[in-house]
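Reader: Please go through the fold and packing of this protein with me, with the cut-offs stated.

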Amino acid sequence: YHALAVEDMLDLLNAMGCHAGVSSEADLRLVSERIPAMRRFLAAVCHPDGEVSSFNDSAQGVAPTPAELEAYAGRLGFGPVSSGDDVAPRVEVLEPSGFVRVGLPSAGLVAILDVGPVGPDYLPGHAHADALSFELSLGGRRLLVNSGTSLYGSGPERLRQRGTAAHNTVTVDGADSSEVWGGFRVARRARARLDRAEVRADGSVEVRAEHDGYSRLSRTGVHHRVWAFGSDGALTVTDSLLSEGCLESHWHFAPGFEVTLADNGRLLVAQADGFALQIRAEGADWRLARSTYHPRFGLSIPNAKAIARFQGQSTSIRIEWTPCTFCSSPITSPPK
């Protein structure tokens, strides 16, 4: 929807420029001054593959691609816009949407985190129950993806795609963090809050956030999540939640990844075309599942999913990769 709005603004400026006698200089500035920020936001919520991320009701193939919109902006005299991923370690907080973009060029990493509201309180219809979910690309390739959107309507598949378990975040007793219902309705909803997002002196990045979506459940507190992006080529995601219920962390892999268990269910090894990495759980046990990924309407692609069931009230998931990750030699044995 944001990409469609960018196209609308470019169209408006284009039409106004063709009728200079009708549009004043002030009107032209009013439109043109808003377009650069819109383009920067769009770039920030896209992956290195050039397409949008899968949060809420986003879908590829509906709006012009970001590359097409950039070419259009160039024809209207705008300079290029960059996500900033080709520079030093970077964390960008996109207020008021609540999205955070993390880039670690030395590790080939881009992550997009959702630490904001499900949407405007007066119009949350396109929201998913995805509080504190995130997506991850390594080496220019998507690794972790939310499940996306393939259809509208009010059926069970629409509810499943909007539900928390279809996203890379935590469920309590299988409940959704926000009560999504119907095709475009949300009842009690998670209130997310960003606590910290910073680049440290050693080049690592830490983001801390929380949400209260499960406080409506009996004896359940606030979900706290910390993303620690190490400059050494690792990501650790730590979750904690005071609850007596069944806590599970959901991890959805991009199509093409094969995921296997090792080390008595404590370690995942994910591989695809020579791309390999290890994901270790502390305080949780892994199990594997099958799911589907929906990058655009009418499309359903099988993909691997892993679920980490908490042993207590907190868990730490560490993703490790090596220089071998981006070459043609897959890792054949887990690290010690």
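The questions and answers below go from the whole chain to single strands and residues.

Author: This is a predicted model, in which local features need pLDDT of at least 70 and side-chain atom pairs count only at pLDDT 80 or more, while totals for chains, interfaces and linings use all residues. Residues are numbered from 1 along each chain as its sequence is written, and side-chain values use heavy atoms, with hydrogens and water left out.

Reader: How many helices and strands does the protein have, and what is its radius of gyration?

Author: Helices (H or I, at least four residues) and strands (E, at least two) are DSSP runs, numbered from the N terminus. On that basis the secondary structure comes to 5 helices and 19 strands.

Reader: What share of the residues is buried?

Author: Buried means under 20% relative accessible area, exposed over 50%, and partly exposed in between, with a 1.4 Å probe and protein chains only. Of the 336 residues in the protein, the buried ones make up 49%.

Reader: Which residues does F229 contact beyond its sequence neighbours?

Author: Contact means heavy atoms within 4.5 Å. Leaving aside neighbours within four places in sequence, F229 is in contact with V102, L104, L109, A111, L113, S204, V205, A234 and L235.

Reader: Why do the buried residues of helix α4 lie on the same side?

Author: Helix α4 (residues 66-75) has P66, L69, Y72 and A73 as its buried residues. Taking directions from the helix axis to the C-beta atoms, they are on the same side of α4 because they cover an arc of only 120 degrees around the axis. A67 and R75 are exposed on the other side. What covers the buried residues includes α1 (2-18) and α3 (35-44).

Reader: Which strands stand at the edges of the sheet of 8 strands?

Author: Two strands pair if DSSP finds at least two bridges between them. The 8 strands form an open, antiparallel sheet in the order β9-β10-β11-β12-β19-β16-β15-β14. Each edge strand has a single partner strand, so one side of each is left without a neighbour in the sheet; these are β9 (192-199) and β14 (258-262).

Reader: Which residue in the turn between β14 and β15 has a positive phi?

Author: β14 is joined to β15 (residues 267-272) by 5 bridges, and the two run antiparallel. Within the pair, E258 has Q271 as its bridge partner, V259 has A270, and A262 stands opposite L267. The two strands form a hairpin with 4 residues between them, and the residue in the turn with a positive phi, of about 55 degrees, is D263.

Reader: How many residues are between β15 and β16 in their hairpin?

Author: β15 is mostly covered, with 5 of its 6 residues buried. Antiparallel to β16, it is joined to that strand by 6 bridges, and A272 stands opposite F275. In the turn, D273 has a positive phi of about 50 degrees, and the number of residues between the two strands is 2.

Reader: Is W251 buried or exposed?

Author: W251 is in strand β13 (residues 247-252). Not counting residues up to four places away in sequence, W251 touches F134, L144, N168, V237, W286, A304, K305, A306, I317 and I319. Its relative accessibility is 0%, so W251 counts as buried.

Reader: What is the bridge partner of T171 in β13?

Author: β13 belongs to an open sheet of 4 strands with antiparallel pairing, in the order β6-β13-β18-β17. The edge strands are β6 (170-172) and β17 (284-293), each pairing on one side only. β6 and β13 are joined by 3 bridges, and in β13 the partner of T171 is E248.
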